[in-house]
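Here is a brief report on a ligand and the residues around it. Look over the sequence and the structure before reading on.

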Amino acid sequence: MSRIVYVNGDYVPEGEAVISIFDRGFLMADGVYEVTSVLDGKLVDFAGHMARLRRSLGELDMASPASDVELETIHRELVTRNTLVEGGIYLQVTRGAADRDFLYPETAEPSLVLFTQAKPLVASPVAARGIKVISIPDQRWARRDIKTVQLLAPSMGKMAARAAGADDAWMVEEGLVTEGTSNNAYIVTTDGTIVTRELSQSILHGITRAAVLRFAREAQMKIEERPFTIAEAQEAAEAFITSASMFVCPVVDIDGVAVGAGTPGPVAQRLREIYIEESVKAAV
Ligand code: PDD
């Protein structure tokens, strides 16, 4: 499979895409990213992803490589050129290429890279069976609300999960779950309340989280935005995660303890159905 990817103004076969070895994304993880899902060849929650990208760029005082309209055109062009029906589009902006220095360069042009990844999202076998998670210490930096490409700690977390026979890890700080390695974390209490950590600099402000909480409120479900412990999660009726690539995915096991019946729970399944139905309708 050879995709057409976008790199700094050009659409090229993936094997021909080139970035400088001096790019600060490569040298310093000085870059931010977004992942937008594609359903039926359309973009899900595109405006939300662009708003968060603007916020990430602003927080890092990084120049924008293109307007939202230009970015939308590039997304659409990649969908068309790669005949992408279902999957995701990865977008990365870095501060650009400059001789190695801890100080930001004054004149570097930001780098912009986008590529597609085809993947079944709706008929996900993982979502159908639910995932097992382990808990690990949250070793990331303190500004997790900025979607930077510093993903070594989450990668190590996923590797630890795999080594333990699990699918993912929930990160814990001061005894409380922050989020999953690449997703937001939720439990459903035995009285049916959906609990997820409140927004702060400790977690990424998930675009899927915002949509799912909106749909849950519209469906008259009770929501509490507060942190929870692993012990509370293990005793909960259900647990689940949300992200652009997993939508809503049940969690059935935490550190070897079955959550609820140890199978995907009704609240997570219902939210997944609503999210997919509404996203297909609203996709652009
Ligand atoms: N990850 N928390 C973290 C740490 C994440 O990396 C992500 C997304 C989320 C969920 O955000 P959203 O609903 O906007 O996708 C929460 C993407 C999918 C990734 O890194 O591939």
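## Polar contacts

A polar contact here is a pair of N or O atoms within 3.5 Å. The model is predicted.

Tyr33 places a polar side-chain atom 2.6 Å from a ligand oxygen. Ile207 uses its backbone instead: a polar atom there is 2.8 Å from an oxygen atom of the ligand. The protein buries 90% of the 480 Å² that the ligand exposes when taken alone.

## The shell

The ligand is surrounded by 20 residues. Tyr33, Arg52, Glu179, Ile207 and Thr208 are the closest. By class, the shell holds 11 polar, 5 nonpolar and 4 charged residues.

## Where the shell comes from

The ligand takes up the space of the largest pocket. Domain 1 (4-118) and domain 2 (125-282) each give at least three residues to the shell.

At least two shell residues come from each of β3 (31-39), α2 (46-59), β9 (176-180), α6 (207-218) and β13 (238-243).

Conventions
Residues numbered from 1 in each chain as written. Predicted model: local features only at pLDDT ≥ 70, side-chain atom pairs only at ≥ 80, totals over all residues. Heavy atoms only, no water. Near = heavy atom within 4 Å. Polar contact = N/O pair within 3.5 Å; in protein donor to acceptor, adjacent residues only side chain to side chain. Areas by Shrake-Rupley, 256 points an atom, 1.4 Å probe, with all protein chains shown as cover. 1 Å grid on protein atoms, 1.4 Å probe; cavity = no way out; pocket = protein on both sides within 12 Å on 5 of 7 lines; lining within 4 Å. Sits in = over half its atoms within 2 Å of the grid points. Helix = DSSP H or I, 4+ residues; strand = E, 2+ residues; numbered from the N terminus. Nonpolar A, V, L, I, M, F, W, Y, C, P; charged D, E, K, R; others polar. Domains from an automatic or database assignment.
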